Amino acid sequence: MTVESTAARRPRRNSSINSSTSGSSSSSDGSDGSSTSNNSGGSGGGTKRTAAKKTSKAQTAAKGSGRKSASRPGTGRQGAGRQGAAQGKTGQHGTETGPPLVQLLSPEGERLEHPDYAVDLSAEELRGLYRDMVLTRRFDAEATALQRQGELGLWASLLGQEAAQIGSGRALHDDDYVFPTYREHGVAWCRGVDPVNLLGMFRGVNNGGWDPNSNNFHLYTIVIGSQTLHATGYAMGIAKDGADSAVIAYFGDGASSQGDVAEAFTFSAVYNAPVVFFCQNNQWAISEPTERQTRVPLYQRAQGYGFPGVRVDGNDVLACLAVTRAALERVRRGEGPMLVEAFTYRMGAHTTSDDPTKYRADEERAAWEAKDPILRLRRYLEKAGQADEAFFAALEEESEALGKRVRETVRAMPDPDGLAIFDHVYADGHALVDEERAQFAAYQASFADSDDADVTAGAGTAAGNTGGNQS
C-alpha cells in the first residue's frame, strides 16, 4: 500500500505531554544507579570523570543499597569470557566503565535531572504513561498465551521494552509518521491502533489489519532493517513537500548490522532527511549477543555518517520521552537525522518459536528485572504521592477487561476469502493475475464437488445397506 502525500494528511497537533528544556545535574548509569556525565550528540555533556572515581562511587552506592557494584547484565551470557576483549573498553553493557545513559528516573524510582534533556509532567500525565505501559504489557501477555493455545501462528513479545516504546511513542505529533518492525506494539498503542488489529497477521487472516494512513503508523515490517530505507525515502519526500512533520524508524540491535540500515544512514545524512532512527538495543539478536555485532556502542555509529547519536536508558519512560521529543524537534528544524539508542532488555523470547534459556543465563534476566520499567515508574508514583491504591485497582480491572476482549475477538476472527490474495497485486488489474485467480477458484471448487460426491455416495451406500438388512 502506498503512503499518500503529507498534503492530504491531518494538521499537526502538539502532544498532550508538556516538555521542559531546563535542568541541571548529571545522568545516571542504569546498571547500578551511579551518576555519570552525558556525551550525547548535540549538546554539552557535563564534566568527565575518571574510571576510578566512577568505580568508587558505584561501590559506595551499591554498599548502601545492598547490591553488588561489580555485577552487570551480561556476565551470565555465553561467551562472556570474550567480552573483555570484544568490548570491555567500550562499555557496551552500560556499566560504570561504559558510556553514560540519559536517565531521568532511577531503577529505585528516584527522580533525576539532566542538563540537556528534561520533562515537566503533571500527575495525570505520569499516570497516563504508567497506564500505557501496563495495558501494553497485558495485551502482549495475552497474545503470547493465545499463541501457546494455538490461536496465533507466532508472536514477538515486547516484554521489558515498554518504556522505550511508550516514551518514544508519546513524544510523536499526530502528523509524524512511524515505520515499525514487528515488535512495536506499544508504539501502535500510542498511535491509536486497536491491539486486536495487530493480531490478524499473526493469526493468518489478513496482511496487516489496519490502514497505515489512518494513524500514520505503517504496517509491520518482517524483513529485517528494510523499514529504515522506507522511512528515509518518506522523510526525503516530506522535506520536499515542506511539511512540518518528522519520521521515526524503529529497529533492533540485530537490524543495525543490516546493509539496509547503513544505506538509510547514508541517504538520510546526505539529504538532511527529517528522520529519527530509534534503535531498541535489547541485547540479543535472537541468540546473538550485541558484542558479536559491534566494537563500539551502537549510538556512536551515527558519528561516522555525520549526524549525532545518543544513548538513553530504555527502561526509563521519562528519559525516552524527553530524548525522543528533542530528537524529533531537531529533525523538524531541518538539522538532519539523529540516532537514538534505547539501552533496554528483551525479558522474553525473541519470538514464541525461540527458547532463550539455551543461550543466556537466568542471572542476566534477574539483573534486568530489578530495573523493570513499570515497577520503576510505580515506585516513583507511590513515593511522590501521584497515584493511590484506587488508581492501581481500577487499572487492574481495565487490564483484565482488555485481556478478555482480545481473547474473545481473536477467537472470533473469520477466515479470509481464499481469493482475496489476488485482489491488490496490481492497482488496475492484470490479465495473468486474472487467469491465476480463475485457476485457483476452479481448484477450490473441485474440493467442494468432491465433498458433494462423497456425501451422495455415502448416502447411497447407507440406503443399500439398510435395504439389505430389511430383506
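Which residue forms a salt bridge with Arg 378? It's Glu 382, with the closest N and O atoms 3.0 Å apart. This is a predicted model, where local features need pLDDT of at least 70, side-chain atom pairs count only at pLDDT 80 or more, and totals for chains, interfaces and linings use all residues. Residues are numbered from 1 along each chain as its sequence is written, and side-chain values use heavy atoms, leaving out hydrogens and water.

**View 1. Arg 378 and Glu 382 pair up within helix 12 (residues 373-383).** A salt bridge here is a side-chain nitrogen of Lys or Arg within 4 Å of a carboxyl oxygen of Asp or Glu. Helices are DSSP runs of H or I with at least four residues, strands are E runs of at least two, and both are numbered from the N terminus. Being four residues apart, the two partners are separated by about one helical turn.

**View 2. Arg 138 and Glu 400 meet in a salt bridge (3.5 Å, N to O).** Arg 138 sits in helix 3 (residues 123-148) and Glu 400 in helix 13 (residues 389-411), so the pair ties together parts 262 residues apart in sequence. Arg 138 is buried, at 16% relative accessible area, while Glu 400 is partly exposed at 40%. (Buried means under 20%, exposed over 50%, partly exposed in between, using a 1.4 Å probe and protein chains only.) Both also belong to a salt-bridge network with Glu 142 and Arg 407.

**View 3. Glu 151 and Arg 411 form a salt bridge, their closest N and O atoms 3.8 Å apart.** Glu 151 lies in the loop between helix 3 and helix 4 (162-169), and Arg 411 in helix 13, 260 residues away.
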